[in-house]
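Trainee: I would like a close look at a single part of this model. Please take me through the strands one by one.

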Amino acid sequence: GCEGCTDITCVSTQQVLSQDVAKNVKTAYDRVKARGMSACLFGSSGTCCRNCNMGPCQIIDGVDDMLGICGATADTVAARNFARTVAAGSAAHTDHAREMVKGFIEAAKGEGLHQIKDVDKLKKLAADFGIVTEEREVKDIALELGEKALAEFGKQDDAPLSMLKRATPKRQALWQKLGIAPRGIDREVVEMMHRTHMGVDQEYHNLMLQASRTALSDGWGASMLSTELTDIMFGTPVPRRAIVDLGVLKLDQVNITVHGHEPLLAEALCIAAQDPEMLELAKKQGAKGINLAGVCCTGNEILMRRGIPVAGGFVQQEIVLATGAVEAMVVDVQCVMQSVAEVAKNFHTDIITTNYRAKMPGGIHIQFEEHEALNSAKQILTHAIKNFKKRGKCFIPKETKMDVVVGFSHETINTMLGGRFRASYRPLNDNIINGRIRGVAAIVGCDNFKLADDTHETIVRELLKNNILVLATGCAATSLGKAGLLNPEAARFCGDSLREVCETVGMPPVLHMGSCVDNSRILIAATEMVRQGGLGDDISDLPAIGTAPLWMSEKAVAIGQYFVASGAQVVFQNLPISGAKNFNKYLTEGLMGEVGAHWNIASEPLEIARIMIEKIEAKRDALGINK
Ligand code: NFS
Ligand code: SF4
């Protein structure tokens, strides 16, 4: 149930929670309210340290008696905590990427369910790894690439990661000069954990150098590898129509939601769901078919490549189940709230965990074996289908579904604005230089229960009014889709000049670029814009900025840090750094002098938008294109 549904601005969530069906369901909204006390001041300002057993220590900046027992200052503690957050976020992307590389190697060997679909992209990536592609079989190139990619994780020499050479020459030189060019993907996380252990690195500036290197090993390493190899295996996204929101669930079909992150599982489920044997089974149970729907980023992956609908983002994972219409929620890793198993207990729904790394009480574990992908997927589906008959009372908010156009990979943006014969970022650059598009904003990351559900929408409406083109990924993109901003008709919310550009091309003013690992696409797109000329010679010159206003996961902080270390400004709603004066100032100002960008913090949606617009206009001034 939901006593305070008025606090929830999301219509589909409101509708579900106000039904009888959901009356015993407890959600995060209830827990936020029930908590009744505010978060710990030390924790939220970054000055609580638990890194050794002399503590925990609560530090007050500037008070001599309130140092750590070891003497650690507020700046040191806040920086260590922040750096560990970056390390944890990068580790999540890294482990995800490793699985993708292993799946890719199986595909290359022709052993698994998956194949090499995008040969052009394979050859381009192979070239970055120094692999000869002429007169070689696709299989051989792919195998060599897979092995070299896997070696990037455990690399022990001090040479930079292979994909760093995709960055602008200026950026690469800067990373070398600062000593923050990442060397091995796993190594940077390990070194970060080591340096934040008690009694190692106690200088916030030095800690942040390694935090940048760790984050860069994610953005230009793990995440980028994952995106590229996933595209090569499952196809590079191209624009397609789809639908989002809870209304995508179907009354007369078996509803299976796939929640988590690694597309190997989601793709296998998509393929298995088309198997006549599975359909037959569904019909035998009285269902008309099998309806797969995504939740969170794995949803974005299959939305982008297959047009499979997305039922909801992070904050709606419990609500999806509260409909009572879901036979099974299949999960793998990351962003799965433990409460889904509790919510499921009210219904016939099963939570099926599939990854040995991620189990939960109340969940049923069916291990997904990549080398047995189709069989594993069928086993999972069979389990779900057999639940259909047990479905009791349910409620699907049928009217709440929204049309979206998704699938804007950096390659697509290349051809979209310029047409088939001028595949380049030239037209985008020209439109920015002539001022019809003022600049580019990336809205990425999660949603959470701290600010209203319509925060993303509020920010984006303001940006569009000011003729700023928006790129979106992750759960932010899902929420913008629900708000109707991911379709071409949303051009009407834009200022005149951006509207004209969108209408001419027939594109939405908000371009869905994929999941959170796909933020690496934004790094590539930004670098492409620099390469096209006319907008300076590094990402830090571009009239572009990012935000993850409703960040929840540690991954979002890793992403923020790799954006900043790549020269892109970011705005977040809050960060646990306010209790450490010098460190705070360094993150929100000082980093500018080193990497050409810094963090910004603003709590209100319109304030976030205002900062983004100001920064974009300031870059235009600096470029001399603001006539
Ligand atoms: Ni990103 Fe995705 Fe969503 Fe946040 Fe979680 S699903 S990888 S971390 S909550 S956007
Ligand atoms: Fe306290 Fe220092 Fe130990 Fe942290 S490392 S818990 S500040 S004594």
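Predicted model: local features only at pLDDT ≥ 70, side-chain atom pairs only at ≥ 80, totals over all residues.

Mentor: Start with the pair E15 and E16: three bridges join them, and the two strands run parallel. One of the contacts here is Val571, whose bridge partner in E16 is Asn600.

Now look at the other neighbour. Strand E14 (residues 544-548) is joined to strand E15 (residues 569-572) by four bridges, again in parallel. Ile545 has Gln569 as its bridge partner in E15. For Thr547, the partner in E15 is Val571.

Check the side chains of E15. Gln569 and Val571 point one way, Val570 and Phe572 the other way. All of them are buried.

Next, follow the chain from E14 to E15. Helix H22 (residues 554-565) belongs to this stretch: E14, H22 and E15 make a right-handed β-α-β unit.

Step back to the whole sheet. Six strands form it, in the order E13-E12-E11-E14-E15-E16. The sheet is open and its pairing is parallel. E13 and strand E16 (599-601) are the edge strands, each pairing on one side only. On average, neighbouring strands are turned by 25° against each other, direction ignored. Helix H19 (residues 474-482) packs on this sheet. H19 touches strand E11 (439-443), strand E12 (468-473) and E13, and its direction makes about 115° with that of E12.

The loop between strand E13 (510-514) and helix H21 (519-532) holds Cys516. Its SG is the only protein donor of the nickel atom of ligand 1, at 2.1 Å. The nickel site has four donor atoms, with angles of 92 to 151° among them, and is irregular.

Methods: Residues numbered from 1 in each chain as written. Chains lettered and ligands numbered in written order. Heavy atoms only, no water. Donors = N, O, S within 2.8 Å, 3.2 Å for Na, K, Ca; no water. Tetrahedral: all angles 85-135°; square planar, octahedral: opposite > 155°, others 65-115°. Pairing = 2+ DSSP bridges. Axes fitted to C-alpha atoms, helices over the stretch in contact; angles between N-to-C directions. Contact = heavy atoms within 4.5 Å. Buried < 20%, exposed > 50% of the residue type's maximum accessible area, 1.4 Å probe, protein only. Right-handed = clockwise from strand over helix to strand, strands pointing away.
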